[in-house]
Amino acid sequence: MNPQQTVSIAAEPYAFAFVPACCALLIVDMQRDFLEPGGFGESLGNDVTLLRRTIAPIQKLLAAWRAHGLQVMHTREGHRPDLMDLPPAKRHRGRGTRLIGDPGPMGRILIRGEPGHEIIPQLGPLPAEPVIDKPGKGAFYATDLHAILQNRSIRQLIVTGVTTEVCVNTTVREANDRGYDCLVPADCVDSYFPEFHAAGLAMIKAQDGIFGWVSHSDKILAALG
Ligand code: TIU
């Protein structure tokens with residue numbers, strides 16, 4: 001594979017012109033807090049097991065990305081231990097039994113440095129892979145992601161992770177407004193709500209790709225060769 005050469009990936013609403021050297025694999029919020037019992041996802045009343053089917057396909061994509069020496073970035077949603085970056089509205093919305101910052105079985109809910117905030121071990125970042133800590137749903141809001149992407153000449157993103165309609169969709173929208181082309185592999189994102197997953201993907205590719213493209217990890221792996 002020549003990473004500078006454009007390869008066509010079968011996608012909706014039409015083929016994605018993939019340039020591996022200019023394309024980062026972005027893995028959004030694959031944290032214990034969202035994928036394991038006792039964390040933030042469960043505190044909001046969700047069945048966290050639904051999201052776990054994304055793990056194997058993301059692992060496969062990540063292995064291929066690393067094998068080809070392409071760029072990988074991870075994000076984590078979370079807050080400062082002193083909660084000073086946590087809008088009171090975000091803490092109180094949800095009204096669960098445990099709020100952000102409260103103690104739980106994996107440490108304080110959605111707080112940086114706590115076990116629940118960590119990326120799941122199956123997808124643990126390598127030292128050279130940037131980890132973007134974000135206080136919001138979008139990966140660009142109040143982070144240095146845009147600067148890092150610009151400095152690395154990234155123009156395209158393969159966006160994976162959880163959840164489809166919350167952090168993935170928000171990030172794809174933010175990326176779109178900053179000029180990035182985003183491709184979302186449908187099997188590498190998921191939601192606590194199957195109907196929101198479907199709608200989240202439909203909204204990305206509607207209107208001839210108003211926010212980006214939707215495909216499948218198999219198609220991306222085939223393009224990588
Ligand atoms: N609740 C929910 O579906 N998601 C989040 O709160 N954050 C992310 O999507 N990462």
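This is a predicted model: local features need pLDDT of at least 70, side-chain atom pairs count only at pLDDT 80 or more; totals for chains, interfaces and linings use all residues.
I will start with the helices. Two packed helices are described by the angle between their axes and the distance between the axes. Take helix α3, residues 55-67, and helix α8, residues 217-224. They pack at an angle of about 15 degrees, and their axes are 10 Å apart. That makes α3 roughly parallel to α8, since angles under 35 degrees count as roughly parallel. The crossing of α3 past α8 is left-handed. Which residues make the contact? On the α3 side they are Pro57, Lys60, Leu61, Ala64 and Trp65, and on the α8 side Ser217, Ile220, Leu221 and Leu224. By type, this contact has 7 nonpolar residues, 1 polar and 1 charged.

Now the other pair, helix α6, residues 164-177, and helix α7, residues 194-209. Their axes come within 9 Å and cross at roughly 10 degrees, and α6 and α7 are therefore roughly parallel to each other. Here α6 passes α7 in a right-handed crossing. From α6, the residues in the contact are Thr164, Glu165, Asn169, Val172 and Arg173; they meet Phe196, His197, Gly200, Leu201, Met203 and Ile204 of α7. The contact of α6 with α7 divides into 5 nonpolar, 4 polar and 2 charged residues.

Next, charged pairs. Side chains of opposite charge can pair when their charged atoms come close. With a cut-off of 4 Å between nitrogen and carboxyl oxygen, the count is 12 salt bridges. I will show a few.

One joins Lys134 and Asp29, with N to O at 2.7 Å. Where do Lys134 and Asp29 sit in the chain? Lys134 is in strand β7, residues 131-134, while Asp29 is in the loop between β3 and α1; the two are 105 residues apart, so the pair links distant parts of the chain. Are they buried or exposed? Lys134 counts as buried because its relative accessibility is 0%, and Asp29 is buried as well, with a relative accessible area of 0%.

Arg80 and Asp82 form another salt bridge, at 2.5 Å from N to O. Arg80 is partly exposed, at 38% relative accessible area, and Asp82 is partly exposed, also at 38%.

A further salt bridge runs from Arg91 to Asp102, where the closest N and O atoms are 3.5 Å apart. Arg91 lies in helix α4 and Asp102 in the loop between α4 and β5, so this pair ties together parts that are 11 residues apart in sequence. Arg91 counts as partly exposed, at 22% relative accessibility. There is also a network: Arg76, Glu118 and Asp133 are joined by salt bridges that share partners.

Last, the backbone. The peptide bond from Glu12 to Pro13 is cis, with omega near 5 degrees, and Pro13 lies in the loop between β1 and β2. The bond from Val162 to Thr163 is cis too, with omega near -10 degrees; Thr163 lies in the loop between β8 and α6.

Then two residues other than glycine with positive phi. Leu83 has phi near 65 degrees. It is in the loop between β4 and α4, and at 22% relative accessibility Leu83 counts as partly exposed. Gln207 has phi near 55 degrees.

Notes:
Residues are numbered from 1 along each chain as its sequence is written. Side-chain values use heavy atoms; hydrogens and water are left out. Axes are lines fitted to C-alpha atoms, for helices over the stretch in contact, and angles run from 0 to 180 degrees between N-to-C directions. Helices (H or I, at least four residues) and strands (E, at least two) are DSSP runs, numbered from the N terminus. Angles under 35 degrees count as roughly parallel, over 145 as roughly antiparallel, 65 to 115 as roughly perpendicular and the rest as oblique. A crossing is left-handed if the near helix is turned anticlockwise from the far one by less than a right angle, and right-handed if clockwise. Contact means heavy atoms within 4.5 Å. Ala, Val, Leu, Ile, Met, Phe, Trp, Tyr, Cys and Pro count as nonpolar, Asp, Glu, Lys and Arg as charged, and the others, Gly among them, as polar. A salt bridge is a side-chain nitrogen of Lys or Arg within 4 Å of a carboxyl oxygen of Asp or Glu. Buried means under 20% relative accessible area, exposed over 50%, partly exposed in between (1.4 Å probe, protein chains only).
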